Amino acid sequence: MNVAEKLKNYTPYNEQEEKDKRLILALMENNGKIFTRESAAAHITVSAWVVNKARTKVLMAFHNIYNSWAWIGGHADGETDLLGVAVREAEEESGIKTVVPVFNDIFSVEILTVDGHIKRGEYVSSHLHLNFTYLLEANENEKLTPRAGENSMVAWLTFDEALKKSTEPWFCENIYSKLIKKLNDQV
């Protein structure tokens, strides 16, 4: 099943997901390069909501570009196995060797705004991330190693700590809080 079919079959959790799902599907239909950054205005990204086995902590990284604690993830960069991208990004950004999906389906969808910024010495214009989130699990006792150039710290945080340490209020109120509630609804 391709990404568009998986998204069509995805049941939105709330109004935000309902509206974002509809817009992502429309953008996917009309843009053949949506899985690459060649689609500069909007492109597919993937986030990993990595929790410990007890489901009491989340793996967060201090992202240098955003100057904030945030979830882990990255660009699809032409890949259509988005779950595979989520696992790879979680391992690369945290140094953890074994990250496994809690389940293989999409956990959350969201459209995220990205302000213009400098990356590797080059200006990147403001744009949208058409984001697919996957729920992953890892051993919180495994050694953590930040990914140089992207993040400067990686840590397991309780959900309350994650909400307090992130300096991005919109993410805390609309995305991280939703993910925590959704996870608690499933446990």
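**Pockets, cores and a buried threonine**

The second largest pocket is lined by 13 residues, and Lys6, Asn9, Tyr10, Asp105 and Ile106 are the ones nearest its centre. A pocket here is an open set of points on a 1 Å grid over the protein atoms alone, where a 1.4 Å probe fits, with protein on both sides within 12 Å along at least five of seven lines; lining residues have an atom within 4 Å of a point. The model is predicted, so to speak with care: local features need pLDDT of at least 70, side-chain atom pairs count only at pLDDT 80 or more, and totals for chains, interfaces and linings use all residues. Numbering runs from 1 along each chain as its sequence is written, and side-chain values use heavy atoms, with hydrogens and water left out.

Helices H1 and H5 each put at least two residues into the lining of this second pocket.

The largest pocket has a volume of about 1000 Å³. Its lining takes in 44 residues, with Ile65, Tyr66, His75, Lys119 and His129 nearest the centre. Elements giving two or more residues to that lining include S1, H3, S9 and helix H5 (169–186); helices (H or I, at least four residues) and strands (E, at least two) are DSSP runs, numbered from the N terminus.

Now for the packing. The largest nonpolar core holds 35 residues, of which Met28, Ile44, Leu82, Phe132, Tyr134 and Leu136 touch the most other members. Such a core is a set of buried Ala, Val, Leu, Ile, Met, Phe, Trp, Tyr and Cys residues joined through side-chain atoms within 4.5 Å. Leucine 136 is in contact (heavy atoms within 4.5 Å) with Ala48, Trp49, Leu83 and Val102, among others, leaving aside residues up to four places away in sequence.

Threonine 133 sits in strand S9. Its relative accessible area is 0%, so threonine 133 counts as buried (under 20%; exposed is over 50% and partly exposed in between, with a 1.4 Å probe and protein chains only). Its side chain makes a polar contact of 2.5 Å with that of glutamate 110 and another, at 3.2 Å, with the side chain of asparagine 131. A polar contact is a pair of N or O atoms within 3.5 Å; within protein, one must be able to donate a hydrogen and the other to accept it, and residues adjacent in sequence count only if both atoms are side-chain atoms.

Key:
Points joined across faces, edges and corners; volume = space filled by probe spheres on them.
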